[in-house]
Number of protein chains: 2
Amino acid sequence: MANASQKIQNPKGTRDFYPVEMAARRHVESAWRSASIDCGFDEIDGPTFEHLELYTIKSGEGIVNELFSFTRAGGESTYALRPEFTPTLARMVAAKGAQLPMPIKWFCMPSMFRAERPQRGRLREFQQWNVDLIGVDGAAADVEVISVAVLALERLGLKPTDVQVRISHRVAMGSLLRRLGVSDEGVGPAFELLDRRDKLPAEEFAKRAAGLGLSPEATDRFDRVARTKLPVSSSVADLTAAVEAQDSDIEALASLRERLTSVGLAEWCSWDLGIVRGLAYYTGTVFEIHEATGAERAVAGGGRYDSLVELFGGPKMPACGFGMGDVVLSLVLADRGLLKAEELLPRPDAFLLSNGSEIAERTLPEVLGSLRRAGVHARQSYKQTRNIGKLLSDAAKVRARFAVILDDKLNDGLVTLKDLAGGTQSDIRLDDLCGLLRQAR
Amino acid sequence: MANASQKIQNPKGTRDFYPVEMAARRHVESAWRSASIDCGFDEIDGPTFEHLELYTIKSGEGIVNELFSFTRAGGESTYALRPEFTPTLARMVAAKGAQLPMPIKWFCMPSMFRAERPQRGRLREFQQWNVDLIGVDGAAADVEVISVAVLALERLGLKPTDVQVRISHRVAMGSLLRRLGVSDEGVGPAFELLDRRDKLPAEEFAKRAAGLGLSPEATDRFDRVARTKLPVSSSVADLTAAVEAQDSDIEALASLRERLTSVGLAEWCSWDLGIVRGLAYYTGTVFEIHEATGAERAVAGGGRYDSLVELFGGPKMPACGFGMGDVVLSLVLADRGLLKAEELLPRPDAFLLSNGSEIAERTLPEVLGSLRRAGVHARQSYKQTRNIGKLLSDAAKVRARFAVILDDKLNDGLVTLKDLAGGTQSDIRLDDLCGLLRQAR
């Protein structure tokens with residue numbers, strides 16, 4: 001029995017979070033959470049699994065292969081582990097409809113599941129931060145959503161030289177595509193072609209572009225537009241020149257530019273007209289956050305999807321949001337030395353030691369209990385030894401701020417408080433211990 | 001398409017957490033988390049699903065009906081959503097073995113899944129707090145684990161008159177059972193009978209007791225022992241008298257009594273010799289936390305299970321822990337008015353209003369951004385109106401601490417800060433705004 005069980009490991013593509021890994025995960029989640037709350041978003045969550053149909057409505061049956069789905073014995077519904085949060089969000093908004101105060105500003109950061117082959121930056125279970133602003137249209141709302149993402153990245157220690165928000169706009173791109181000769185019906189397929197550009201050989205790309213009604217010259221220009229990358233600080237004239245377009249084509253980008261600049265986000269952002277996002281439901285601004293040199297997969301992706309809630313049976317309402325997974329982000333942070341997990345473990349305020357005398361042994365559990373009840377992170381040794389030197393080294397190992405030594409001085413109501421960073425120590429009244437420890441934090 | 005999707009709801013027995021429900025859940029989780037950390041436990045987590053065999057090893061095939069299990073197309077492993085954390089914990093400990101510093105003090109609070117019929121206090125997906133202390137034997141360790149649970153309940157506002165930790169001990173009960181004539185081999189089955197006592201008709205109970213070798217008189221005494229409930233403060237003599245036993249039978253209870261009393265937990269705890277816990281792996285102390293009058297299902301359950309890690313292929317090591325779900329606990333808290341979700345939503349530090357003047361409109365997004373970057377929870381209105389009265393009422397609705405009114409006084413570097421609780425207002429320098437808001441928290 002023991003032998004058989006010895007071989008059981010965590011499922012492929014999932015993670016065991018031991019204390020250091022968990023401290024790193026909580027560090028990331030804490031930045032996500034504080035950025036969301038400071039920007040006025042409220043936290044929500046939904047079930048870990050949903051009815052399978054919730055995912056097939058929007059994406060068709062094709063997505064089933066990427067889902068972990070299951071049916072309960074007895075012929076109940078078929079369920080699937082959530083691969084993304086947006087369908088749950090749309091379902092929750094549609095369910096309450098007009099009862100919800102507008103605008104809706106929600107975030108969540110649950111586990112998501114994809115039945116894909118695990119590889120660098122892509123796991124079968126991961127944490128994903130979702131931020132959505134529903135009920136407000138326009139560049140200001142798009143920029144507010146982007147600013148939440150940037151705020152979290154900034155709090156994690158990243159700089160504009162480390163990560164960039166690459167932005168495009170489907171309306172502007174649609175306008176540019178039409179100018180190249182793509183018909184209204186061809187715009188959707190052209191976005192798909194754009195999204196798969198880097199996966200196709202040049203010949204295949206040219207062939208498909210021709211199928212959309214593009215001349216060889218227009219295909220070249222299409223390709224050039226798709227590769228256009230410019231700082232957001234570029235003037236509108238620079239931008240129109242780069243894409244050989246007119247101001248009216250890129251009105252949407254000009255509005256974004258103005259707002260991004262006024263709120264001080266310009267240096268975090270760049271135009272990348274090759275960004276379209278794979279999913280069909282985006283209707284306006286689209287963006288991805290990438291490591292600045294283009295290493296790794298995207299850190300985050302999102303944009304405006306004004307018809308999504310309606311698709312799930314709710315009223316039509318403007319909406320904008322993004323998702324950011326923890327896997328790629330953690331790689332980018334670790335690569336820059338910004339995820340030193342050992343330092344992220346909670347530090348004990350106090351480590352209590354007894355020298356073994358009767359009064360110290362009797363008093364230690366009481367003091368430990370009363371410190372903890374007062375909200376002080378307090379630990380003790382579980383070793384048999386009462387050698388103060390050995391115990392002090394245990395205290396240092398867990399990075400305790402102070403050691404509290406209990407000995408016969410307790411008869412006079414005193415304990416020794418030793419600052420483990422500074423090395424200084426002094427006798428203090430036991431009655432003052434809790435207050436001093438709380439003050440020292 | 002919209003019609004079909006309109007009908008999709010969350011799966012039976014799962015929950016949608018809108019902002020108020022989520023605030024209530026985070027309130028509970030925050031008490032769990034802070035109690036764990038203050039008591040020196042480190043947070044961990046494992047995968048949401050595990051290989052199915054991880055659950056069948058310990059509990060046999062019978063448990064499969066209570067699991068949500070699934071197989072990936074292509075004949076990969078069969079997986080199951082985790083119904084409890086203990087097998088994952090044991091697997092993680094066994095995987096690292098001697099590399100882990102001892103003792104292991106871990107907690108987690110993930111989602112768990114049971115494919116049961118949903119009913120009051122029991123859902124198909126719920127949050128469960130797990131606390132485990134591995135590598136330490138004895139009453140002090142048992143009591144430390146119990147004290148973490150009590151600390152969280154206390155922080156949530158509960159008192160010993162609201163909830164009680166009901167404690168028994170398998171070694172003491174085994175000794176009492178043998179004294180009644182149960183053979184060594186009969187002790188295990190007698191625990192099972194004890195656990196199912198309340199679900200069996202009296203006749204069936206008597207019949208099964210006879211099958212264990214108990215005379216009718218011994219069956220009566222067995223039943224009486226099982227119904228013994230006494231305050232932990234009762235003397236050892238009271239306890240031996242109540243169960244017609246000798247001191248040596250209840251040594252284990254006497255040690256627990258001494259420690260519970262010395263750390264000030266006696267009033268939170270009572271003896272309940274009918275508690276055995278269903279699972280076969282408990283080896284010593286067993287406890288459940290119940291609403292004091294016995295309303296609702298158990299809030300938590302746990303105890304000592306010294307052979308568990310070994311069962312999962314690790315070394316033999318003493319272990320003690322508990323699990324506490326959020327569903328029953330939330331019912332108990334709500335019943336006492338201790339879960340006022342509306343009051344638990346994060347409060348904005350500041351709500352920014354513009355009177356519509358050019359400088360106010362231009363400055364507001366900049367101020368909003370810089371406050372948020374400084375860690376201040378700051379909101380604005382998304383309405384078209386610039387009527388200060390209407391906007392102030394929006395600020396009050398979201399329980400903002402201060403309203404910040406932006407108007408032409410910005411030309412002199414001033415804004416109006418209005419304390420929404422006190423009603424007072426004053427003009428302050430824009431440069432001082434952030435500092436004042438942070439100080440006021």
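**Strands of chain A**

Arg304(A) stands opposite Cys320(A) in S13(A). Thanks for coming, everyone; let me start from that pair.

A quick word on the model first: it is predicted, so local features need pLDDT of at least 70 and side-chain atom pairs count only at pLDDT 80 or more, while totals for chains, interfaces and linings use all residues. Residues are numbered from 1 along each chain as its sequence is written, and chains are lettered from A and ligands numbered from 1 in the order in which they are written.

Strands here are DSSP runs of E, at least two residues, numbered from the N terminus, and two of them pair if DSSP finds at least two bridges between them.

Back to our pair: strand S13 covers residues 319-325 of chain A, and 5 bridges link S13 to S12(A) in the antiparallel sense. S12(A) also pairs with strand S11 (residues 285-291) of chain A, antiparallel again, over 4 bridges. There, Val286(A) stands opposite Gly303(A).

So, is S12(A) enclosed or open? Largely enclosed by the rest of the structure, because 5 of the 5 residues in 300-304 are buried (20 or more other C-beta atoms within 10 Å of a residue's own, with C-beta atoms placed from the backbone).

Now for another sheet. In chain A, 3 strands form an open, antiparallel sheet in the order S2-S4-S3. Its edge strands, each pairing on one side only, are S2 (49-51) and S3 (69-71). From one strand to the next, the twist averages 35°, with axes being lines fitted to C-alpha atoms and angles running from 0 to 180 degrees between N-to-C directions.

S2(A) joins S4 (residues 78-81) through 3 bridges, and His51(A) faces Tyr79(A) there, standing opposite.

Notes: A residue is buried if 20 or more other C-beta atoms lie within 10 Å of its own, exposed if 12 or fewer, and partly exposed in between; C-beta atoms are placed from the backbone.
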